[in-house]
Amino acid sequence: MTTQELTQQIHLKKSFLCIGLDVDLTKIPPHLLQLEDPIFEFNKAIIDATNDLCVSYKPNTAFYEAYGLKGWQSLEKTIKYINEKYPEIFTIADAKRGDIGNTSSMYAKAFLEDLNFDSVTVAPYMGKDSVEPFLAFENKHTILLALTSNKGAFDFQTLETNGNPLYKNVLATSRSWKNAHNLMYVVGATKAEYFAEIRKIVPDSFLLVPGVGAQGGNLQDVCRYGMNNTIGLLINSSRAIIYASSRENFAAMAREEALKIQSEMEEILKEVANTNFTN
């Protein structure tokens with residue numbers, strides 16, 4: 001999927017919501033545990049109930065790898081289901097990979113070719129040759145960790161190197177890499193005050209933003225400082241939506257929570273259309 005197609009979906013659905021499919025068998029409704037593949041059945045119900053309210057789904061691969069082969073098969077079934085039934089949805093493999101070049105090539109093949117995700121999250125610590133193998137896939141996207149929402153982000157990401165915080169150097173340096181037009185970036189919503197500075201470095205890139213809601217991030221602040229002229233944001237919500245209920249009505253309740261966020265986004269998009277809200 002191209003970024004132009006993603007932007008079209010944002011305007012069509014009046015939403016820039018990404019729903020994280022982080023499935024924990026200890027949290028899903030108990031009645032699903034009787035089924036052959038409870039993880040997939042849970043995901044399928046959530047997807048069917050919310051696909052018109054979001055533009056992206058983001059399975060965190062750790063929640064599938066933790067269950068071994070069965071978990072991986074559930075992930076395969078989930079992404080295949082989305083691609084076949086809802087091909088307009090932008091899919092993100094939240095894998096946070098990053099290794100020496102030939103290993104990164106295999107990771108890239110696994111997620112972008114074999115599983116056919118639209119994008120994958122990647123750690124930048126090992127530098128250019130560990131990231132460029134992901135960037136080589138046409139109309140696929142590499143979402144680079146830039147400034148994350150966890151407390152430990154301050155251990156390294158904001159430390160000054162060459163007079164700038166490390167995350168700024170990551171952003172600036174990555175723009176020189178081959179096929180950098182396929183880059184997107186992870187920027188945590190809990191650090192909304194940083195968005196204006198980030199937009200000076202990557203004004204046109206999509207930002208994947210975790211941390212709204214449960215982690216304390218504010219959607220209005222993120223949009224005020226992080227939006228660009230093509231919206232350029234994917235706001236992720238996981239637990240607040242998918243675990244809205246542990247009863248048999250879990251999918252309907254997930255839809256209600258997704259609708260609350262989508263409705264707020266729709267109002268923001270109206271404001272964008274009527275004012276100079278974006279940077």
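1. Asn162 sits in the loop between S6 and S7; helices (H or I, at least four residues) and strands (E, at least two) are DSSP runs, numbered from the N terminus. Its phi is near 55 degrees, a positive value in a residue other than glycine. At 80% relative accessibility, Asn162 counts as exposed (buried is under 20% relative accessible area, exposed over 50%, partly exposed in between, with a 1.4 Å probe and protein chains only).

2. On the source: this is a predicted model, in which local features need pLDDT of at least 70, side-chain atom pairs count only at pLDDT 80 or more, and totals for chains, interfaces and linings use all residues. Residues are numbered from 1 along each chain as its sequence is written, and side-chain values use heavy atoms, with hydrogens and water left out.

3. Asn179 also deserves a look. This residue has a positive phi of about 65 degrees although it is not a glycine. Asn179 is found in the loop between H8 and S8, and it counts as partly exposed, at 28% relative accessibility.

4. Helix H8 covers residues 166-174, and its buried residues are Tyr167, Lys168, Asn169, Val170, Leu171 and Ser174. Their cover includes strands S5 (141-147), S6 (160-161), S7 (164-165) and S8 (183-187), together with helix H9 (195-201).

5. In the chain as a whole, the secondary structure comes to 12 helices and 10 strands. The radius of gyration is 18 Å, close to the 19 Å that the globule rule gives for 279 residues, so the chain is as compact as a globular protein of that length. Here the radius is taken over C-alpha atoms, and the rule is 2.2 Å times the number of residues to the power 0.38. Along the principal axes, the C-alpha atoms fill a box of roughly 55 × 50 × 35 Å.

6. Of the 279 residues, 53% count as buried. Among contacts (heavy atoms within 4.5 Å) between residues at least 6 apart in sequence, 73% join residues at least 24 apart. The chain exposes about 12700 Å², and carbon and sulfur atoms supply 50% of that area; the areas come from the Shrake-Rupley method with a 1.4 Å probe, and for residues only the protein chains shown count as cover.

7. For charge, the mean positions of the 27 positive and 33 negative charges are 2 Å apart. Lys and Arg count as positive and Asp and Glu as negative, while His and the chain ends are not counted. Each charge is placed at NZ of Lys, CZ of Arg, CG of Asp or CD of Glu.

8. Helix H12 (residues 250-274) has 25 residues and reaches 36 Å from its first C-alpha to its last, close to the 36 Å expected at 1.5 Å a residue. That expected span is 1.5 Å times one less than the number of residues. Buried residues of H12 include Phe250, Ala251, Met265 and Leu269. Among the elements covering the buried residues of H12 are helix H1 (3-13), strand S1 (17-20) and helix H10 (219-226).

9. Ile268 belongs to helix H12. How buried is Ile268? Its relative accessible area is 0%. Ile268 and Arg224 are 44 residues apart in sequence, yet 9.3 Å apart in space, C-alpha to C-alpha.

10. Asn60 lies in the loop between strand S2 (56-58) and helix H3 (62-65). Asn60 is buried, with a relative accessible area of 15%. Leaving aside neighbours within four places in sequence, Asn60 is in contact with Leu21, Asp22, Asp94 and Lys96.
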